Amino acid sequence: LKALGRSMVSGESFFITNAVGLSDGAEIALAPGSVGQIMELNVGEKQYRLNDKAFLASDSSVGYSMISQGLGKAVFGGTGGLFVMETKGQGQMLVNGYGDIIEMNLDGMAPLVVDNYHVVAWESTLSYQIKAASGMVGFTSGEGLVNEFNGVGKVFIQTRNAYGLYDLIKP
């Protein structure tokens with residue numbers, strides 16, 4: 001039931017595989033569903049919120065909960081629907097992005113504005129709002145919407161987004 005709830009509210013997969021090495025020095029190979037970079041996050045002192053499809057793997061000591069982000073963010077945001085995944089515990093987590101992942105450091109002096117579809121993860125200490133970039137917003141596509149992050153912490157962004165590729169190859 002937990003997996004069904006996660007899948008319905010966040011867009012994440014219904015299944016999460018638990019893999020364990022059976023001998024000392026055993027290795028487990030994994031790859032994301034999209035072409036791009038994998039980044040390790042050290043969860044513990046810092047906790048993170050993850051965008052849709054960003055979670056790849058984690059130690060068994062790292063967990064997550066689903067955090068409500070409000071109806072306005074869910075309808076217009078493109079960042080997880082009604083809920084986003086927030087880490088808990090302590091250990092290593094792997095996230096993936098389409099293209100490269102760039103770490104942006106906020107010092108609390110100025111907001112960081114990022115297109116919704118380029119956000120991979122952000123420190124849970126940051127506040128964020130979803131806003132129209134300018135002018136009219138495409139209601140069904142989310143076009144023209146941005147995340148504005150405020151506070152002190154890190155935001156991880158991907159250099160590409162799948163919707164951009166789709167727009168390139170559609171007839």
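Leu 30 is partly exposed, with a relative accessible area of 41%; the term covers values between buried (under 20%) and exposed (over 50%), found with a 1.4 Å probe and protein chains only. The model is predicted, so local features need pLDDT of at least 70 and side-chain atom pairs count only at pLDDT 80 or more, while totals for chains, interfaces and linings use all residues. Residues are numbered from 1 along each chain as its sequence is written, and side-chain values use heavy atoms, without hydrogens and water.

- Leu 30 belongs to the loop between helix 1 (2-10) and strand 1 (38-43); helices (H or I, at least four residues) and strands (E, at least two) are DSSP runs, numbered from the N terminus.

- Three strands, in the order 1-6-3, form an open sheet with antiparallel pairing; two strands pair if DSSP finds at least two bridges between them.
- Strand 1 and strand 3 (55-58) stand at the edges with a single partner strand each, so one side of each has no neighbour in the sheet.
- Strand 3 is joined to strand 6 (residues 91-96) by three bridges, and the two run antiparallel.
- Ala 57 stands opposite Leu 94 in strand 6.

**The whole chain**
- The protein chain contains three helices and twelve strands.
- Of its 171 residues, 35% are buried.
- Among contacts (heavy atoms within 4.5 Å) between residues at least 6 apart in sequence, 76% join residues at least 24 apart.
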